[in-house]
Every structure is written in C-alpha cells, then in structure tokens.
Amino acid sequence: MKTYLVTGGAGFIGSNYILYMFEKYGDEIRIINVDLLTYAGNLENLKDVEGRPNYSFVKADICDAEAIGKIFAENDIDRVVHFAAESHVDRSIKDPGVFVRTNVLGTANMLNCARAAWEREDGTYPEGKRFLHVSTDEVYGSLPEGNGYFYETTPYAPHSPYSASKAGSDMLVKAYMDTYHFPANITNCSNNYGPYQFPEKLIPLMINNALQGKKLPVYGDGKNVRDWLYVRDHAKAIDLVQEKGKLFETYNVGGHNEKHNIEIVELIIDTLREILPDSDPRKAGVTRDLITYVEDRKGHDRRYAIAPDKIREAVGWQPDTMFKDGIRKTIEWYLSHEDWMAGVTSGDYQKYYEDMYKNR
Ligand code: NAD
Ligand code: TYD
C-alpha cells in the first residue's frame, strides 16, 4: 500500500484530489493530509472521507521543519503531492510577504524534509519515491491575444507576486532535481474551476454575487483570457503523472478551453437564469445589468493558454469534462451547497470583500 503525503489537502484542488484518489483507489492507498487551515482551507470539503482508517489529517505549517520532519519520521511516505500555497493573485498584490514565505520557504522545507527522509548515504533514492510539485501556468507570464501557447520550454516570466513566488518554488524543485537527483515532477496547470473553490476566484465569486443580487465586478475590459479546466481533470492529470510520468520532467496541464472573462460572467448569469425556478425570489435579480466594469488588476496578465501535447503523449491524459457540462455542474453544486458558501463567506470574508473591492 502506498502512503501519500498531501499538503494543502483542505483547499480547493487538494480536497478534490483526495476525493478523487479515494474514489479511484479505495483502500489500496493511504493519505496523510497536512494543512495549516488558513482562510482557504476547509475540512468540510473532506467530510466524506473523514472516518476512513486510511485517511488522516495533521494541522501543520509547511514551513515548520519539526512538524513536517516528524510526519516523515513516523510514516514511510512514498509520494508527496504538494498543493499547499497562497493561491490568489489579488491577495498577493496587497500582501506579497506571505506568498514568499509559504510558497518559496514552505516548498524549500518540504523538499528538505523529503530529501532527509528519502536520500540514501550514496545519494540515491529508493525506487518508488516521488515528489510532485503542483504549480501554475502563470509562471510563464502572459501571451498576446490569439497568438501562441505555453510549452514546457517557454521561458519563465512571472508578473504577479503570486506567480513570482510559484516560479521561485518551481526553480527550487528543479534545483533539487539537478543537484541531488531528487525524484520529482512539476505540473504547471491552467485555471481550475469546480466544487469547493473559494469565492475570491472569478467563477465562485460571480455565482455568489449574482445569487445575492450584488454587482459583478469585471476587471478592465473583460477581455483577458483564461484557459479553464475542470478540477477533477487536474486531479486525474496529477495521478497519471505520478503513475506513468517520467521522473524529473515538467508537464503542462490544460484542456484548450480559452475564454474571455466576460464570456464566463455572461454564461454564469444565463445558466443561473435557466436553472433557478421562477418561484425562486432571487431569479428576477440575476440579470446582465449586474455586470460592472471596474478598475483593472495591477499588472493583469492578458492571456494564458496551455499546450498539453506533452502530457497527452507521455501519459495519455486528456480532460473528461467539457466546459459546458463542467460549468453547469459547478453552478448546480454551488446551488445545492448554500451552507458551504454561507460558512466560508461568514466572518473574515466580508472584511476581505469590502477591502478588495472598496475602490472598484
Ligand atoms: P487554495 O488556496 O484553495 O488552497 C490552498 C491550501 O493550502 C489551503 O487548504 C490552505 O489552508 C493551505 N495552506 C496555505 N498555507 C499553508 C501553510 N503554510 N502550511 C500548510 N498549508 C497551507 O488553493 P488551490 O486553488 O487549491 O491551489 C492549490 C495548488 O494548486 C497551489 O499550489 C496553486 O498554486 C496550484 N494551482 C492552482 C490553480 C487554480 O486555478 N486554483 C491552477 C494551477 C495551479
Ligand atoms: P482569478 O480567478 O483570480 O484567477 P487568476 O488571476 O489566477 O487567473 O481571476 C480570473 C480572471 O478573472 C482574471 O483575469 C481576473 C478576472 N477577475 C475579474 O474580472 N473580477 C474578479 O472579481 C475576479 C476575482 C477576477
């Protein structure tokens, strides 16, 4: 039985990954989830797996050498899947420091602890040990409208403090592979969407605001392009890379699904109007009149677009969920999980929202 150490498993993608892995492998694997439970971490996401004997949760900071070292000392970890990070660009523009701490120093600590546990005296590693660093396409910078894709060979050119800190963490992983022959992979994925995404990100924020009849703040001209992938397809890619990918390789993950932001916002409004019954008092307020163009994000990357050829050819990955189905499933999920939304938007979220959008 393989033992996985998953960091950031209480966040959006991490929790979807853990649910995916237990659905796929059942009792054949063991997962230890390490998460600090910042504003973005929520154990509610994992209530369906909580009682499993092959699942455990440890509340710890990935920057804490003692706590992470102890997990490696007490468990024979085969695979690390490293999600834990500060993940929101707007927050990184307001407060870059925590991004450097968690994303760069936290990743360095995870690498050190794994290396200390795994490396033999002769500098080799036991068969089967693998560290997967979950990263983003934002490290490649920005593409011009309608021209070109991000390949694994595209030079890094991050613009936001978030993407710069992820680029830093990627470079550390590459340095460990080159210097210590550390058994790792990096995946650079495009924008994810789906259940359990915190409503600071475009799609859940727009769904939540529309249902409350609040304005829908579109940055700049609304024509920035993101390449959207359903979160379970990302989970599948990570699993395939660990199962079949070549060690030391980087894989870009994306499903050729580029959309202008404004298209997404309009689609959310139209889909909500279709799904909500006429008897729902919120329906009348869900209209395109809510769309409000606001001040642009500083340093706003124009376009992201992934070329997924390498991962398709190397491990046979391709997405299962078409955007039109995925976005509908996502909206339906938020409509049937209003308690989840109410829980994560109580307290600190109100303050965050007022702060972030006060001049917009
Ligand atoms: P998220 O913000 O939803 O979750 C991050 C998780 O990390 C939370 O559970 C949080 O509590 C935890 N965490 C934060 N700081 C920690 C610390 N110091 N110690 C331990 N745990 C800590 O993020 P997400 O959207 O699920 O993203 C997960 C990973 O995937 C990140 O590394 C991100 O860069 C990457 N990624 C995200 C996207 C996307 O579209 N969301 C796309 C590509 C890559
Ligand atoms: P986001 O979900 O924050 O992801 P990222 O910045 O990592 O790509 O934003 C997606 C796009 O949506 C991005 O171009 C910024 C834009 N956006 C808005 O127009 N309004 C908003 O309120 C938010 C949160 C994002």
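Let's start at Tyr 162, where an N or O atom of the side chain sits 2.7 Å from an oxygen atom of ligand 1, a polar contact in the sense of a pair of N or O atoms within 3.5 Å. Lys 166 does likewise, with an N or O atom of its side chain 2.6 Å from an oxygen atom of ligand 1. The protein covers 97% of the 830 Å² of accessible area that ligand 1 has on its own, as computed by the Shrake-Rupley method with a 1.4 Å probe.

Keep in mind that this is a predicted model, where local features need pLDDT of at least 70, side-chain atom pairs need 80 or more, and totals for chains, interfaces and linings use all residues. Residues are numbered from 1 along each chain as its sequence is written, chains are lettered from A and ligands numbered from 1 in written order, and side-chain values use heavy atoms, without hydrogens and water.

Around ligand 1 there are 28 residues, each with a heavy atom within 4 Å of the ligand. Among the elements supplying this shell are helix 1 (12-25) and helix 5 (161-180), while strand 5 gives the most, with three residues; helices here are DSSP runs (H or I) of at least four residues, and strands (E) of at least two.

Now turn to ligand 2, which has 19 residues around it. Polar side-chain atoms of Arg 226 lie 2.7 Å from a ligand 2 oxygen, those of Arg 297 2.5 Å and those of Tyr 357 2.6 Å. Alone, ligand 2 exposes 510 Å², and the protein buries 98% of that. Helix 6 (202-211) and strand 8 (216-219) each supply at least two residues of its shell.

Key: A polar contact is a pair of N or O atoms within 3.5 Å; within protein, one must be able to donate a hydrogen and the other to accept it, and residues adjacent in sequence count only if both atoms are side-chain atoms.
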